[in-house]
Amino acid sequence: MAFVTGVLVIVLFVVGIPLQFAAGQPAVDQYVGQIHGFLYIVYVVMAFLLALKLRMRLLSWQVIVLLLAGTIPVLTFVVERWMTRRYIAPALAAEAEGNPAAQAPVRS
């Protein structure tokens, strides 16, 4: 979801908004904006569920950045890589070793 949301927000900012204001063609902005809005809601729900699964503190700066990443172009790609390295990969490694209770370390 991070990649899809990131690509759509880049298309929205690079193609849709300039076409709307410079060429008077709001179609790309309108349709891509609606799709991005819907998929951003899906992204936020999935990110929230991920934070719960990783036992992260819900009001920590990490979770807030994770949830807001879909609103800033390119940030979703950075946050996705950071979350994978810092939280998801260690949690998957612990689960593969047969110890699902030893999840990724929660850092504040």
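Ala, Val, Leu, Ile, Met, Phe, Trp, Tyr, Cys and Pro count as nonpolar here, Asp, Glu, Lys and Arg as charged, and the others, Gly among them, as polar. The model shown is predicted, with local features needing pLDDT of at least 70 and side-chain atom pairs pLDDT 80 or more, while totals for chains, interfaces and linings use all residues. Residues are numbered from 1 along each chain as its sequence is written, and side-chain values use heavy atoms, with hydrogens and water left out.

**View 1. The largest pocket and its lining.** Let us start with the pocket, which holds about 210 Å³ of space. Its lining has ten nonpolar, one polar and one charged residues. Those residues are Met1, Ala2, Tyr43, Met46, Ala47, Leu50, Leu66, Val79, Glu80, Met83, Thr84 and Ile88. Two elements give two or more residues each to this lining, H2 and helix H4 (75-96), and H4 gives the most, with five. (A pocket is an open set of points on a 1 Å grid over the protein atoms alone, where a 1.4 Å probe fits, with protein on both sides within 12 Å along at least five of seven lines; lining residues have an atom within 4 Å of a point. The volume is the space filled by probe spheres set on the points, which are joined across faces, edges and corners.)

**View 2. Glu80 in the pocket lining.** Glu80 lies in helix H4 and is one of the residues lining the largest pocket. With a relative accessible area of 27%, Glu80 is partly exposed. (Buried means under 20% relative accessible area, exposed over 50%, and partly exposed in between, with a 1.4 Å probe and protein chains only.) Eleven residues along the chain separate Glu80 from Ala69, and their C-alpha atoms are 8.9 Å apart.

**View 3. A nonpolar surface patch.** Here Met1, Val4, Ile41, Val45, Met46, Phe48, Leu49, Leu52, Leu58 and Leu59 make a patch of about 930 Å². Helix H2 (residues 27-53) contributes the largest share, six residues. (Patch residues have over 30% relative accessible area and no salt bridge, and nonpolar side chains, meaning Val, Leu, Ile, Met, Phe, Trp and Tyr, are joined within 5 Å. A salt bridge is a side-chain nitrogen of Lys or Arg within 4 Å of a carboxyl oxygen of Asp or Glu. Areas come from the Shrake-Rupley method with a 1.4 Å probe.)

View 4. Thr5 is in helix H1 and is buried, at 0% relative accessible area. Its C-alpha atom is 16 Å from that of Leu50, 45 residues away along the chain. Gln34, by contrast, belongs to helix H2 and counts as exposed at 51%. Between Gln34 and Val7, 27 residues apart in sequence, the C-alpha to C-alpha distance is 14 Å. (Helices are DSSP runs of H or I, at least four residues long, numbered from the N terminus.)

**View 5. Positive phi values in two loops.** Most residues other than glycine have a negative phi. Arg55, in the loop between H2 and helix H3 (61-68), has a positive phi near 60 degrees. Arg55 is exposed, at 52% relative accessibility. Val74, in the loop between H3 and H4, has a positive phi near 75 degrees. Val74 is partly exposed, with a relative accessible area of 44%.

Conventions: Patches are made of residues with over 30% relative accessible area and no salt bridge: like charges are joined within 9 Å, nonpolar side chains (Val, Leu, Ile, Met, Phe, Trp, Tyr) within 5 Å.
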